[in-house]
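This report goes through one protein model, from its overall make-up to a few individual sites. Please read it alongside the sequence and the coordinates.

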Amino acid sequence: MRFDENADLDTSNIDDLRGGGGGGVGGRVALGGGGLGIVGLILYFLLSQLGGGSTGGGGMGLPSGLGGLSDGQTADTSQAASSCRTGAQANTELDCEVVAVVNSLDGYWSDTFARSNINFQPPRTNFFTGGVRTGCGSATSDTGPFYCPGDNEIYIDLSFFRELETRFGAEGGPFARAYVIAHEYGHHIQALLGTNERVRSGETGPTSGTVRLELQADCYAGVWANHATSVPTASGRPLITDVTQQDVNAALDTASRIGDDYIQSQLGGGRVDQSQFTHGSSEQRERWYTTGYQSGDPARCDTFASGVNLG
């Protein structure tokens, strides 16, 4: 996957919370370091479930003392705007790459909602290092990337991508990383549509609401991937170019590496316990991403439909 080098990037929906010394968006991001806890990855869905669904209300209030940004944690969109300006930077710098992917996701989903005459508000995406305070409470990098319906924002420590390659053995690459962002963006779509109101917090199991929610987010990620090379920038030209089957395979590989059965058998205690599934098996995650990618139709992503075969 490549980005149009002459495309303009929009950082208006990006907040850089990495703080002093961390550099603004566009600074060279160190891809090493940062520990992704296995338990954290398995349980990061909790932040997506707590707080209810739509933007119109509900949501888990911040615990006492957790409101706002933590000490020394400041949002710096001005530095983002001055650093990530073109698609050429997205081809060479990790944080600019994520900005470009977010731009594409904003473009695709805003157009999709507009064609259905549904109001759309894009999520903000936050870069952080170490820990962050959100509308769903506080979290650390061990949590992995997550979406918080309490404030309708996405949070990611960019070192997560290196963990996918080094600890989980994923192929990596820009389209695989885009899958991760698109999956979290899918949770925003669910929040806007109220889908996550159908899930009980803490529910587990192979056909649980939490698994259905995660598989649907995978499917939404695949839908965006189908349209990725046709989503235009303000200039009218596509932002993303040259998506190959190898790119798609890398995204599927990443999906398989974060399946419940893979994590339990390869990175956990070695025994697969389906009663504790929260995201779906590797096969299911690949299947639903493929469903979205091959169809390009969000309507094909109804994992909550009566009698649906989750795989």
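## Basis of the description

This is a predicted model, in which local features need pLDDT of at least 70 and side-chain atom pairs count only at pLDDT 80 or more, while totals for chains, interfaces and linings use all residues. Residues are numbered from 1 along each chain as its sequence is written, and side-chain values use heavy atoms, with hydrogens and water left out.

## Overall make-up

The protein contains eleven helices and eight strands, taken as DSSP runs numbered from the N terminus (H or I of at least four residues for helices, E of at least two for strands). Of its 311 residues, 54% are buried, where buried means under 20% relative accessible area, exposed over 50%, and partly exposed in between, with a 1.4 Å probe and protein chains only.

Among contacts with a separation of 6 or more, 76% join residues 24 or more positions apart, a contact being heavy atoms within 4.5 Å.

## Helix 5 against helix 8

The axes of helix 5 (residues 94–115) and helix 8 (residues 209–227) come within 10 Å and cross at roughly 95 degrees; axes are lines fitted to C-alpha atoms over the stretch in contact, with angles from 0 to 180 degrees between N-to-C directions. Helix 5 is therefore roughly perpendicular to helix 8, a label that covers 65 to 115 degrees, with under 35 counted as roughly parallel, over 145 as roughly antiparallel and the rest as oblique.

Helix 5 contributes Val101, Ser104, Leu105, Tyr108 and Trp109 to the contact, and helix 8 contributes Tyr220, Val223, Trp224 and His227.

## A buried histidine

His188 lies in helix 7 (residues 174–193) and is buried, with a relative accessible area of 1%. Its side chain reaches the backbone oxygen of Gln121 at 2.6 Å. Leaving aside residues up to four places away in sequence, His188 touches Phe120, Gln121, Pro122, Pro123, Tyr147 and Asn152.

## Two loop residues with positive phi

Asn117, although not a glycine, has a positive phi of about 55 degrees. Asn117 is in the loop between helix 5 and strand 3 (124–127) and counts as exposed at 73% relative accessibility.

Asp242, likewise not a glycine, has a positive phi of about 60 degrees, and is placed in the loop between strand 8 (240–241) and helix 9 (245–257).

Definitions and conventions. A polar contact is a pair of N or O atoms within 3.5 Å; within protein, one must be able to donate a hydrogen and the other to accept it, and residues adjacent in sequence count only if both atoms are side-chain atoms.
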